[in-house]
Amino acid sequence: MANDDKMTHKDHDMSGMDHSQMTHQEMDHSKMDHAHMSHDEMAKMDHHGMAHSKMTHETAGMDHSQMSGMDHSHMDHGDMDMGGHDMMMHGGQMMHMGNLKQKFWVSVVLSLPVLLLAPIMGLNRPVFNFNSIVQDWVVVLFDTIIFFYGGKVFLQGAKAELQSKEPAMMTLIAMGITVSYVYSLYAFIANNFLHPQTMVMDFSFELATLILIMLLGHWIEMNAVMGAGDALQKMAALLPKTAHRVTADGRTEDVPVSQLQVGESFQVRAGESIPADGTITAGTSTVNESLVTGESAAVAKKSGDRVIGGATNNDGTLTVAITGTGKSGYLAQVMQLVQSAQQAKSNAESKADTVAKYLFYAALSVGIIAFFAWLPQGLDTAFARMVTVFIIACPHALGLAIPLVVARSTVIGAQNGLLIRNRQAIEASTQISHVLLDKTGTLTEGKFTVNALVPAGDTDKDTLLRRLAALESNSTHPLAQAILSAAKAAKVDFTPAKNTQNLPGVGIKGTIDGTEYTIVNAKYLTSQHIAFDEQISDEWAGKGNSVSFLLQGETVQGLVAEGDTIKAGAKHLITGLQKRGITPVMLTGDNPKAAAHVANLLGLTEFHGGLLPDDKQKMVGQYQADGHHVIMVGDGVNDAPSLAKADIGIAIGAGTDVAIDSADVVLVKSDPQDILHFLDLARITNRKMVQNLWWGAGYNILAIPLAAGILAFAGIILDPAVGAILMSLSTVIVALNAMGLTAAKIKE
């Protein structure tokens with residue numbers, strides 16, 4: 001393997017091990033993007049729906065080490081009640097939507113007088129009728145309150161869309177409620193003070209119901225879109241708030257992590273998080289790097305080894321010389337990659353907004369044409385025709401078409417082990433051509449087992465296993481744990497070796513019964529010209545195993561072959577993707593021979609080996625540059641940039657919090673077959689969304705021209721009441737169609 005000279009733990013031949021399990025010192029940082037995050041860049045970040053009202057400008061620009069000290073309890077993303085400044089994307093604009101949950105319920109209360117006292121859907125028959133003048137005053141008063149309170153979010157949204165020259169859903173809604181309100185004021189004045197020959201149509205009922213349905217629709221949409229946590233905050237939270245800095249006289253003092261500087265030293269005690277990247281200068285311990293690297297097992301550390309900020313020190317006390325902190329740390333570099341990838345894919349426009357944009361232009365054009373066409377019949381008639389067109393075009397059902405289906409789809413997914421955190425993943429799934437799969441933890445279990453013990457000379461299998469276990473007795477490395485598990489299963493008794501010592505680039509040595517033994521890799525044997533059975537070694541390495549040798553002096557006592565286990569559903573996943581016309585691609589840090597073996601077992605035609613963690617993001621970008629639409633599947637922090645950059649990021653539920661927060665979809669059960677279930681769910685969901693868009697807006701193809709009076713010559717003019725009924729009917733159909741999305745239908 002090309003990186004054997006960089007390995008610091010046990011240094012077996014790692015041909016069967018994924019680079020995602022390698023420690024920080026094994027990574028080629030020259031290939032990572034070391035660009036620093038400026039305050040402005042941090043402030044501009046799209047944080048997947050983060051409640052920005054909780055962050056001050058100072059917070060947005062602070063060093064990530066300072067961010068670790070934030071009170072994350074205030075950042076509740078799952079609840080709609082976020083302090084009154086929820087964020088939402090419409091027409092490519094991030095808008096402050098206000099507290100829609102509160103606005104909706106307050107607007108319901110404010111609308112009750114209008115719904116009870118205003119003429120129903122233009123039929124001039126309110127629910128209650130006791131005094132027309134008093135009723136009109138009450139209705140116009142509550143109309144005004146509802147328009148400026150409940151409609152404010154849509155007016156602000158329309159302003160943002162128009163400023164960006166991208167009118168869409170918010171502009172269409174704003175146009176509908178504005179003409180409804182203005183015309184209702186005109187009707188109030190005309191009917192009560194000008195006393196026309198015929199009563200002027202009142203749209204107060206339409207105004208109230210329109211605002212209520214739009215608030216409800218956007219509340220549902222926000223609840224579906226913004227239920228995700230923030231990956232960058234999760235990363236920052238890995239670092240502790242304070243550190244035990246070592247002073248010049250050898251004492252320790254507690255200081256904020258932000259004050260640590262390269263060249264200084266700190267002490268980290270058992271159970272504490274490591275505050276910065278560095279090199280151990282004193283002490284031995286095991287370190288849990290799972291939150292950073294995705295590797296579940298602890299890694300033994302000693303003087304000279306490197307540690308990553310954010311990892312957890314398990315037992316001993318370590319003194320560490322700082323090599324990277326703040327923006328130069330590994331965690332900050334990963335955060336920068338995630339930030340860039342998230343920004344790059346945050347501008348997708350929803351289908352509903354696209355339909356609304358064209359509907360806006362159509363309604364505006366037809367309404368104006370109708371106004372001038374009917375002007376010879378009188379101003380009241382012309383104005384009524386134009387307003388009727390605008391009212392009918394206003395998308396009651398369109399506002400619910402996508403949110404209702406997405407909400408239903410999200411519930412079904414959650415009930416079946418799929419957490420859909422980004423609704424755009426559903427829409428993007430229709431274009432997917434490639435699925436990039438991290439090997440360890442995704443296609444394989446990430447747990448090594450002893451597949452072969454081949455003694456040499458006079459050594460038997462029990463003796464070989466006993467000596468291997470004695471040398472590995474104090475190690476928590478996955479390969480060592482596999483040997484210890486094999487010894488336990490075989491009921492082989494052993495006494496831990498004495499004077500054990502890691503040999504960088506070689507393996508480990510120690511004394512057993514007064515004799516020195518060493519566990520080495522094939523590279524060491526070749527370099528030292530020590531004879532060994534190369535045929536057997538190549539045979540087991542070719543099967544995807546990590547092969548190590550027990551050496552006494554210059555005599556090989558035998559070899560041990562250890563391999564990872566392929567997940568039960570991995571083969572079915574590969575076959576299922578291929579049947580759907582999607583190309584599966586395996587990404588791994590294994591050498592080409594081991595990678596080819598796993599690919600052959602799974603039936604993969606494309607795979608890439610020898611990848612460093614940050615190379616995965618480059619691989620995603622390469623496929624996208626070639627015109628492909630990509631799903632990335634991973635489980636570790638090192639996968640986070642790739643998950644964020646891909647068209648759809650899917651995280652294995654047993655992986656790290658950061659990987660999960662960088663993903664659009666989370667597989668709760670860690671079953672790779674659930675990727676197929678997501679694709680099937682997305683396919684049916686997309687079908688329902690298209691159907692709802694037609695039910696929500698399609699009726700306008702007939703309703704708008706009729707409302708404009710195109711068939712007036714034949715005595716056919718669409719009354720606002722009939723148009724309102726069509727609107728309501730389309731809303732009911734949209735809701736029923738969305739509820740027809742069931743898990744049973746997806747399985748069919």
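**Notebook: a walk through the predicted model**

**Overall picture.** I started with the secondary structure, which comes to 28 helices and 24 strands. I'm working from a predicted model here. Of the 748 residues in the protein, 57% count as buried. I also looked up how far contacts reach along the chain: among those between residues at least 6 apart in sequence, 70% join residues at least 24 apart.

**Helix α4, Ser 111.** Next I went to Ser 111, which sits in helix α4, residues 100-117. Buried or exposed? Ser 111 has a relative accessible area of 0%, so I put it down as buried. Leaving out residues up to four places away in sequence, I found Ser 111 touching Ile 146, Ala 208 and Leu 212. I also checked Ser 111 against Gly 150, which is 39 residues apart from it along the chain; their C-alpha atoms are separated by 9.9 Å.

**Helix α5, Asp 143.** Asp 143 belongs to helix α5, residues 132-149. With neighbours within four places in sequence set aside, Asp 143 is in contact with Val 114, Tyr 181, Ser 184, Ser 204 and Leu 207. I followed up on Val 114: Asp 143 and Val 114 are 29 residues apart in sequence, and C-alpha to C-alpha they are 7.1 Å apart in space.

**Strand β19, Glu 562.** Then a strand residue: Glu 562 is in β19, residues 555-566. Glu 562 comes out at 0% relative accessibility, so it goes on my buried list. Which residues does Glu 562 contact, leaving aside neighbours within four places in sequence? I noted Phe 448, Thr 449, Val 450 and Asn 451, then Leu 479, Ala 482 and Ile 483, and finally Asn 545 and Ser 546.

**Helices α20 and α25.** I moved on to helix packing. The axes of α20 (residues 570-579) and α25 (residues 674-697) come within 9 Å, crossing at roughly 30°. Angles under 35 degrees count as roughly parallel, so that is what I call α20 and α25. On the α20 side the contact uses His 572, Leu 573, Gly 576 and Leu 577, while α25 brings Ile 675, Leu 676 and Leu 679. I sorted the residues of this contact by class and got five nonpolar, two polar and no charged.

**Helix α26.** Just after α26 comes Gly 709, with a positive phi of about 90°.

**What α26 packs on.** Helix α13, residues 379-393, packs with α26 at an angle of about 165°, their axes 8 Å apart. I therefore have α13 and α26 as roughly antiparallel to each other. Their crossing is right-handed. From α13, the contact takes in Arg 385, Thr 388, Val 389, Ile 392 and Ala 393; from α26, I listed Asn 700, Ala 703, Ile 704, Leu 706, Ala 707 and Ala 708. By class, that contact has eight nonpolar, two polar and one charged residues.

Technical notes. Residues numbered from 1 in each chain as written. Predicted model: local features only at pLDDT ≥ 70, side-chain atom pairs only at ≥ 80, totals over all residues. Heavy atoms only, no water. Helix = DSSP H or I, 4+ residues; strand = E, 2+ residues; numbered from the N terminus. Axes fitted to C-alpha atoms, helices over the stretch in contact; angles between N-to-C directions. Parallel < 35°, antiparallel > 145°, perpendicular 65-115°, else oblique. Left-handed = near helix turned anticlockwise from the far one by under 90°. Contact = heavy atoms within 4.5 Å. Nonpolar A, V, L, I, M, F, W, Y, C, P; charged D, E, K, R; others polar. Buried < 20%, exposed > 50% of the residue type's maximum accessible area, 1.4 Å probe, protein only.
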